[in-house]
Amino acid sequence: MLKRISHRFLIDLGEMEGDYRVFYLKDDITYSSLYISIAILGIVALSVMDGLLYRVRPDLDWWLIPLRGGYILGSFLVVRAIRRTRKVRIYDQLVFAWLLVTILFLLAFKFIHPSDYLRPAFYIVVPIAIHVFSPFKIKQNIMLALGYSVGTLLIDYFYWSEVDSVVWKMSLIAQLVGHALGLVTGLQIQSYRRRSFKAYMQEKDAKEMVAYMANIDSLTKSMTRRHFFNIAESEFLRFLRYRRKLSVLVLDADNFKRINDTYGHYVGDLVLRNLSLVTMEQKRTQDTFGRLGGEEFGLLLPETGLEQAKIVAERIQRTWQQTPCNVDNQLIFSTVSIGVAEAGTNDKSFEDILRRADRMMYKAKEAGRNTVVAE
């Protein structure tokens, strides 16, 4: 039944459960620090009240002082510890230990505070607070709250035998009402948090997808021209400031129009996609690869001189020459011409390097295609 209620009101986050707890960890730490501080103030206020009520029993009051003092000190240390932690597991352990100690602490005071017509209203605050403020799952909260309520009622029934049956029944009804209110409120709060988190993640995923679609060419899975140029401009500014090596490759599929005319645009698209994938397999993580337009691509190589860039270009050219496209069990071979240029002191913008690399690519075409030409 409890599982059905949980599934009815609470969204199952599945693999996002851990992310959900991490997402709300800072808020949980803030709320936990607040209600532990309120509990400390409550114990201080209770100490003042008992100091007035137990003037005739100073021995009892003195016995309570170290116990309450220890609880207040322990609670203060728990607040300090949870405010420093950044791990959900450690936070859960600290809060669960504090809740368990608090329940035992309050039950211990039941042995000196018999129920009367006023105290049931005070005792229901504890289970309500557990249901509402505890960061744990509903099942754990119910177990903690029920543990306190059962302990309270058993102490009244067996230890305080002189407690009026009407008072005991009032306590029982008050506890049941408290659990009902606390459980419903806790379900609503957790349901709202989970729905808010799921909506946030969906919005975040949507934004990332939009950014991905804006920056990645849908056909070749390489960067779009705009995104490629944005990164290239940043790398060129880095070159101007630190004079670090920077090279550019311009790649152009050979006889691409003939492939389109002979086999159709589907095969042409497949050739471009495979060429893009082969190039991305050959590049380093820090390199930037993008589609400049049509069958032309650019590869930006930071921290790379002209000779090293030429080696990379030749490796791409050889690999692509040996990688046919399989279309309906027919192998279609293609080649690529590549131009290579390195940033120099006379370059004023990234376009200057790209223009030289583009000229080298056309020289490769003039040299018979399927080759690499560097400055």
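The model is a predicted one, and its protein chain holds 14 helices and seven strands.

**The chain as a whole**

- Of the 375 residues in the protein chain, 45% count as buried, and the chain exposes about 21,300 Å², of which carbon and sulfur atoms supply 61%.
- When contacts in the protein chain between residues at least 6 apart in sequence are considered, 73% of them join residues at least 24 apart.

**Nonpolar cores**

- In soluble globular proteins, nonpolar side chains tend to be buried together.
- The largest nonpolar core comprises 29 residues, and those with the most contacts inside it are Leu249, Leu251, Leu299, Ile316, Trp320, Ile338 and Val340.
- The elements giving two or more residues to this core are the strands S1 (246–253), S3 (296–302), S4 (325–327) and S6 (336–342), together with the helices H11 (256–263), H12 (265–282) and H13 (306–321).
- Another core, of 28 residues, lies apart from this one, and Ile29, Ile40, Tyr123 and Val126 are among its members.

- Leaving aside residues up to four places away in sequence, Leu251 touches Thr279, Phe289, Glu295, Glu296, Phe297, Leu299, Ile316, Val336, Ser337 and Ile338.
- Ile316 has its place in helix H13, and because its relative accessible area is 0%, Ile316 counts as buried.
- With residues up to four places away in sequence again left out, Ile316 touches Leu249, Leu251, Thr279, Gln282, Leu299 and Ile338.
- Ile316 and Gln282 are 34 residues apart in sequence, while their C-alpha atoms are 6.6 Å apart in space.

**Helix packing**

- Two packed helices are described by the angle between their axes and the distance between the axes.
- Helix H5 (residues 88–110) packs with helix H8 (residues 138–159) at an angle of about 10 degrees, the axes being 10 Å apart, and H5 is therefore roughly parallel to H8.
- On the H5 side this contact involves Phe96, Leu99, Leu100, Ile103, Leu106, Leu107 and Lys110, which meet Leu144, Gly147, Tyr148, Gly151, Thr152, Ile155 and Asp156 in H8.
- By class, the residues of the contact of H5 with H8 are nine nonpolar, three polar and two charged.
- Helix H10 (residues 225–242) and helix H14 (residues 350–366) pack at an angle of about 110 degrees with their axes 9 Å apart, so H10 is roughly perpendicular to H14.
- Phe228, Phe229, Ala232, Glu233 and Phe236 of H10 make this contact with Phe350, Glu351, Ile353 and Leu354 of H14.
- The contact of H10 with H14 has seven nonpolar and two charged residues, and no polar ones.

**Positive phi in loops**

- Most residues other than glycine have a negative phi.
- Asn255, although not a glycine, has a positive phi of about 50 degrees; Asn255 lies in the loop between S1 and H11, and with a relative accessible area of 28% it is partly exposed.
- Asn370 likewise has a positive phi of about 50 degrees without being a glycine, and because its relative accessibility is 22%, Asn370 counts as partly exposed.

Terms used:
Residues are numbered from 1 along each chain as its sequence is written. This is a predicted model: local features need pLDDT of at least 70, side-chain atom pairs count only at pLDDT 80 or more; totals for chains, interfaces and linings use all residues. Side-chain values use heavy atoms; hydrogens and water are left out. Helices (H or I, at least four residues) and strands (E, at least two) are DSSP runs, numbered from the N terminus. Buried means under 20% relative accessible area, exposed over 50%, partly exposed in between (1.4 Å probe, protein chains only). Contact means heavy atoms within 4.5 Å. Accessible areas come from the Shrake-Rupley method with a 1.4 Å probe; for residues, only the protein chains shown count as cover. Axes are lines fitted to C-alpha atoms, for helices over the stretch in contact, and angles run from 0 to 180 degrees between N-to-C directions. Angles under 35 degrees count as roughly parallel, over 145 as roughly antiparallel, 65 to 115 as roughly perpendicular and the rest as oblique. Ala, Val, Leu, Ile, Met, Phe, Trp, Tyr, Cys and Pro count as nonpolar, Asp, Glu, Lys and Arg as charged, and the others, Gly among them, as polar. A nonpolar core is a set of buried Ala, Val, Leu, Ile, Met, Phe, Trp, Tyr and Cys residues joined through side-chain atoms within 4.5 Å.
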